[in-house]
Amino acid sequence: MVTATAVQDNFTVEEFIIEPPDNMELVDSQLVEKNGMTLKTGKIQSRLSRYWGDYKDSSGQGGEAYVEVPCRTNRQIRRPDVAYLTPELVAQFGNLATLPQSFPLIAEIVSPTDIAEDVFLKAQEYLASSCQEVWLVFPESRLIFVMTQNQILTFRSGDTASTQQILIGFSIEVDRLLA
């Protein structure tokens, strides 16, 4: 996740869905630019996307892993840092410019400029909008929170984080992901 800076007011959801602007989210009717990505957060984002993508192939679960693509929540248009879409949803929505719902599995990589409260509120927004599982990755603290509707699990350095509801069976050592 990166800090967002407002660049335009009164942008409609319909305008965004038709032609999503690069590196932008629609938050409270404001078009905002995502910024604050560091080399470290970018590396972790790329690594997690690759791990999810490799696992969905090797496990035979299929689907697709994405980076920074737009999806609609009940309130906004967001661009999760990493997202996974099941094969059924790829078949249904795979050619749209903006996914009309949250991804089933989302990860936000928390940058040094992010405010923790905002990060958790964004995760709750995803979960209230069809998402079943959110990973909040805190590189500096070496923590991963895995959130579902019913629980929040915490994984620390030395632990192995694992999916709970989507992309079943995936796990990664916290230290390996955050190295």
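This is a predicted model: local features need pLDDT of at least 70, side-chain atom pairs count only at pLDDT 80 or more; totals for chains, interfaces and linings use all residues.
Me: Which residue forms a salt bridge with Lys40, and where in the chain do the two partners lie?

Reply: A salt bridge is read from the distance between a side-chain nitrogen of Lys or Arg and a carboxyl oxygen of Asp or Glu, which must be within 4 Å. Here the partner is Glu140, with the closest N and O atoms 3.3 Å apart. The pair links distant parts of the chain, since Lys40 belongs to helix α2 (residues 39–58) and Glu140 to the loop between β9 (133–138) and β10 (143–147), 100 residues apart.

Me: Is Glu140 buried or exposed?

Reply: Glu140 is exposed, because its relative accessible area of 57% is over the 50% cut-off.

Me: What about Arg78 and Glu125: are they buried or exposed, and how are their side chains joined?

Reply: The two side chains meet in a salt bridge at 2.8 Å, N to O, linking strand β6 (residues 77–78), which holds Arg78, to helix α4 (residues 116–127), which holds Glu125, across 47 residues of chain. Both Arg78 and Glu125 are buried.

Me: How many salt bridges does the structure hold?

Reply: The structure holds 7, one of them between Asp175 and Arg142 at 3.2 Å, N to O.

Notes. Residues are numbered from 1 along each chain as its sequence is written. Side-chain values use heavy atoms; hydrogens and water are left out. Helices (H or I, at least four residues) and strands (E, at least two) are DSSP runs, numbered from the N terminus. Buried means under 20% relative accessible area, exposed over 50%, partly exposed in between (1.4 Å probe, protein chains only).
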